[in-house]
Amino acid sequence: MTQAIQPQQRGILLSEAALHQVKSLRDKQGTDFCLRVGVRQGGCSGMSYMMDFEDTSKITPQDEVFDYDGFKIVSDRKSLLYLYGLMLDYSDAMIGGGFQFTNPNANQTCGCGKSFGV
């Protein structure tokens, strides 16, 4: 796992590799999006992670915003109950590569790493 960049407040942690990857993906979109991270019911372990770019105009007062060198990660407070302390990392390995979630709140995870149980 790569080194985490520490935001002003600890909520969702982001590795330098993940920050580089999301900024690269955002730049390909051509718009100054933020990254929304959340959870939803479903997946093989009960809850699954959600992650997508979103226009910054959709950030609401009910959202928590974490700033990483001008790049914003946004999560609604309900999701943050399950995600607080989450480490988002990225690997470009041919097997097992992509975004990886390390969630200290999960007591079980599925084999793909995209869903969890609490």
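Trainee: Where does Asp69 lie?
Mentor: Bearing in mind that this is a predicted model, Asp69 sits in the loop between β5 and β6, the latter covering residues 71-76.

Trainee: Is Asp69 buried or exposed there?
Mentor: Asp69 counts as exposed, because its relative accessibility is 62% and the cut-off for exposed is over 50%.

Trainee: And what is phi of Asp69 near?
Mentor: Phi of Asp69 is near 50 degrees, which is a positive value in a residue other than glycine.

Trainee: Switching to Asp63, which strand is that in?
Mentor: Asp63 belongs to strand β5, which spans residues 63-68, and with a relative accessibility of 10% Asp63 counts as buried, since buried means under 20%.

Trainee: What does the side chain of Asp63 reach?
Mentor: The side chain of Asp63 reaches the backbone nitrogen of Thr60, at a distance of 2.8 Å.

Trainee: Which residues is Asp63 in contact with, leaving aside neighbours within four places in sequence?
Mentor: With those neighbours set aside, Asp63 is in contact with Arg36, Lys58, Val74, Ser75, Asp76 and Arg77.

Trainee: Zooming out, how many helices and strands does the protein chain have?
Mentor: The protein chain has two helices and ten strands, and read along the sequence they follow the pattern β-β-α-β-β-β-β-α-β-β-β-β.

Trainee: What about burial and surface for the whole chain?
Mentor: Of the 118 residues in the protein chain, 42% count as buried, while the chain exposes about 6700 Å², with carbon and sulfur atoms supplying 49% of that.

Definitions and conventions: Residues numbered from 1 in each chain as written. Predicted model: local features only at pLDDT ≥ 70, side-chain atom pairs only at ≥ 80, totals over all residues. Heavy atoms only, no water. Helix = DSSP H or I, 4+ residues; strand = E, 2+ residues; numbered from the N terminus. Buried < 20%, exposed > 50% of the residue type's maximum accessible area, 1.4 Å probe, protein only. Polar contact = N/O pair within 3.5 Å; in protein donor to acceptor, adjacent residues only side chain to side chain. Contact = heavy atoms within 4.5 Å. Areas by Shrake-Rupley, 256 points an atom, 1.4 Å probe, with all protein chains shown as cover.
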